[in-house]
Amino acid sequence: MINEAALESARNETIDWRFKSIPAELSGRRIGEAAAAKPDLFTGGFLGPVVVLEEDALAHNLRAMADWCAKHGVELAPHGKTTMAPALFARQLEHGAWGITTANASQLRIYRAFGLSRILLANQLVDPAALAWLSAELDADPSFEFTCWVDSTDGVARMSAALTGTRPVDVLVELGADGGRTGARDRATAIAVAEAVHASPALRLAGVGGYEGALAHDASEAAQALIKSYVDDLRELAVDLHGRGLFADVDEIIVTAGGSAYFDQVAEGITTGWPDGLTIRPVLRSGAYLTHDDGFYRGISPLGEHPRTTGEPFRSALRAWAQVTSKPSEELALLTLGKRDASFDEGLPEPQSRRGPDDRVEPLSGHTVTAMNDQHAFLALPPGSPVAVGDWIGLGLSHPCTVFDKWPLIPVVDADGRTVVDFVRTYF
């Protein structure tokens, strides 16, 4: 489901000045060769700030999510826009992922460059140039399985007019909700969209889909009740469309939702309550589980800090290291890490450790990042803080979706936190 030769070719890319924070000593080496050298994160010439992935946590999260999905009878098509890292897609597929989800046509082209053969595009695709390219791609590769969303009759008409291939494109009717993002806002509109798809020779109705994450932002009872109601509506829409004979052209009905915040409720809603006679393919699209985080998802994930479901809790696999570049007062230090380097949209970085001049890494508590500029973080120091100019601060990060895009090449460190055992190439 992914092209191993393309992955190997990516590892043969030469490291140079384009990759920030990577040691100058590694310039001219291929990515695979640099990984084999196992440089030391702290003494090997890496420049701060630097964001790393922690291998133990990555491997743990891959196993934990695969086990959870198997136990709950759902497929996983993780959203690849979180990392845009084909090497990580390969690991997700190795752990049983059914496919990989994408968000737009540009990402889709990257996926296909690496030979991904089953892709969900969690949006309506209406651009003529993208649809013409998709038509050619489907015709050229009979093994390529592609599905995207539709949420309006106008969208159906635009797709039908622009598609030029011999294979019909599979689509899912997207159900939205008031206060949500895209998607038909009511059952009647969704039915009209499905009927338009059924009448189009260029399209095939393959199921229903949606996204619940935009409807709530915490784990309160009220939020969970809202999510449950939405998923119930999604299931009822699929039953209604089946009763109208609109899925006659497919052997199974894909029903998909599930970001990384409420996948427990989504899984329950799309695997239960179905009447006899329906063959359902329930698919989650959670992507942030892979690295988890030390902020937003730690607090809201079903397998986060306060688990709502049984299973191995996820572990944060993202870490940033930044140097103290200035200490203008006893209450303030400035770090060489800013909005160009780390996420800030769902919580600021969390100071967790300090590496001093003796090269020892020790826990750090009572310190807080209060603000970030483009290239600086403001670190509030408690009385008696040991932090000094030149120290390195290890920080947990929140919301992985806005970290990966800042780093084209990310070191992966071993259990000791400093031996680099791999590099992950991203493509944004």
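**Exercise 1: The overall fold**

Task: State how many helices and strands there are in the protein, and determine how its radius of gyration stands against that of a compact globule.

Solution. The model is a predicted one. The protein contains eleven helices and 18 strands. For 428 residues, a compact globule would have a radius of gyration near 22 Å; the value for the protein is 23 Å, so the two agree. The C-alpha trace extends over about 70 × 50 × 35 Å along its principal axes.

**Exercise 2: The surroundings of arginine 425**

Task: Locate arginine 425 in the secondary structure, decide whether arginine 425 is buried or exposed, and identify the partner of its side chain in a polar contact.

Solution. Arginine 425 belongs to strand β18, which covers residues 420–425. A residue is buried when its relative accessible area is under 20%. Arginine 425 has a relative accessible area of 16% and is therefore buried. Its side chain makes a polar contact with the side chain of glutamate 13, at 2.8 Å. Leaving aside residues up to four places away in sequence, arginine 425 also touches others, among them Arg18, Phe19, Met84 and Pro408.

Conventions:
Residues are numbered from 1 along each chain as its sequence is written. This is a predicted model: local features need pLDDT of at least 70, side-chain atom pairs count only at pLDDT 80 or more; totals for chains, interfaces and linings use all residues. Side-chain values use heavy atoms; hydrogens and water are left out. Helices (H or I, at least four residues) and strands (E, at least two) are DSSP runs, numbered from the N terminus. Buried means under 20% relative accessible area, exposed over 50%, partly exposed in between (1.4 Å probe, protein chains only). A polar contact is a pair of N or O atoms within 3.5 Å; within protein, one must be able to donate a hydrogen and the other to accept it, and residues adjacent in sequence count only if both atoms are side-chain atoms. Contact means heavy atoms within 4.5 Å. The radius of gyration is taken over C-alpha atoms; the globule rule is 2.2 Å times the number of residues to the power 0.38.
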